[in-house]
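Please look over the strands, the turns between them and the aromatic side chains of the model shown here. The briefing that follows takes these topics one after another.

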Amino acid sequence: MSKAWAKRPSPAMIVALIALFAALGGSAYAAKKIGTKEIKANAITTGKIKKNAVTTAKIKKEAVTGAKIKESTLGTVPFATNADNATNAVNATNFSRFHSTGLVKLSVGQTVQILAVGPITFFTKCTDNAGTYEVESYATTSQPKSNISSYEEEYYESDWEPGEQSTVGYDESSSSTPYWAVYGYGGYYTGFAASSGDGKTILSGEVINSVRSFGADCAVSMYAVNMG
């Protein structure tokens, strides 16, 4: 055998080299030729996607719908925050217009201020007239040209001035039996209306007087809504 023939590669080596070149060429060919049409439907699974590989730029505009969003992870959008604040402000304003004394108890000889709204102030006094307990509520104003009316008294004062005491509600008196002035037709006996001269305070409400009830000589409860 000649030396030239001895340097030739063996048939096995030739086959191996051919296979290597084919593999390298095939990979390059595949890298250049595989596109979306060559990928089988549903072939790419979640586990095959690299973490953080899908960015905002890769998501089609308006592709993510509300059904795909976990709402609990979202904050309040600016306009919704403004709407909430506006609603809360309105509710707070409306609530601030309502005034209530709850139940106020008095002993004989007491005069108690029970409520003040703007220039209008309400008082209740409890007296003993020869064994008969009497309760009376009245209002005063610090602003000239105010107005007041009391339904039970059929009283109306269109020129209510500072220093004048105007009865509101229904006066009660009793020597032994408890009385509570809650009767009437929608507040006919217990209702009142009052307004300041400048119209910024316009009140409507009820004053409920009682004697020898709630464990007290006298008691009163009132509410008023300011519509001014």
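**Strand pairing, turns and aromatic contacts**

Ser204 has Val225 in strand 11 as its bridge partner. The model is a predicted one, in which local features need pLDDT of at least 70 and side-chain atom pairs count only at pLDDT 80 or more, whereas totals for chains, interfaces and linings use all residues. Residues are numbered from 1 along each chain as its sequence is written, and side-chain values use heavy atoms, with hydrogens and water left out. Strands (E, at least two residues) are DSSP runs numbered from the N terminus, and two of them pair if DSSP finds at least two bridges between them.

**Strand 11 and its partners**

- Strand 10 (residues 202–213) runs antiparallel to strand 11, and 10 bridges join them.

- An open sheet is formed by 4 strands in the order 2-3-4-7, with antiparallel pairing.
- Strand 2 (111–117) and strand 7 (166–174) each have a single partner strand and stand at the edges, so one side of each is left without a neighbour in the sheet.
- Direction ignored, neighbouring strands of this sheet are turned by 15° against each other on average, where axes are lines fitted to C-alpha atoms and angles run from 0 to 180 degrees between N-to-C directions.
- Strand 2 and strand 3 run antiparallel and are joined by 6 bridges; Thr111 stands opposite Lys125 in strand 3, while Gln113 has Phe123 in strand 3 as its bridge partner.
- The hairpin of strand 2 and strand 3 has 2 residues between the strands, and Gly118 takes a positive phi near 60° there.

**Positive phi in two loops**

- Ala130, which lies in the loop between strand 3 and strand 4, has a positive phi of about 55° although it is not a glycine; at 79% relative accessibility this residue counts as exposed (buried means under 20% relative accessible area, exposed over 50%, partly exposed in between, with a 1.4 Å probe and protein chains only).
- Lys145, found in the loop between strand 4 and strand 5 (146–150), is likewise not a glycine and has a positive phi of about 60°; Lys145 counts as exposed at 54% relative accessibility.

**Aromatic rings**

- The count comes to 4 aromatic pairs, by the rule that rings of Phe, Tyr and Trp (its six-membered ring) pair if their centres lie within 6.5 Å, with planes under 30 degrees apart counting as stacked, over 60 as edge-to-face and the rest as tilted.
- One of these is the tilted pair of Phe122 and Phe192, at 5.2 Å centre to centre and with 55° between the planes; it links distant parts of the chain, with Phe122 in strand 3 (residues 120–129) and Phe192 in strand 9 (residues 191–195), 70 residues apart.
- Phe122 counts as buried at 1% relative accessibility, and Phe192 counts as buried at 0%.
- The ring centres of Phe123 and Tyr138 are 5.4 Å apart and their planes stand at 20°, so this pair is stacked; Phe123 belongs to strand 3 and Tyr138 to strand 4 (residues 132–141), 15 residues apart.
- Tyr138 counts as buried, at 8% relative accessibility.
- Arg212 lies over the face of Tyr133, at 3.7 Å from the ring centre (a charge sits over a ring if NZ of Lys or CZ of Arg is within 6 Å of the ring centre and within 35 degrees of the ring normal).
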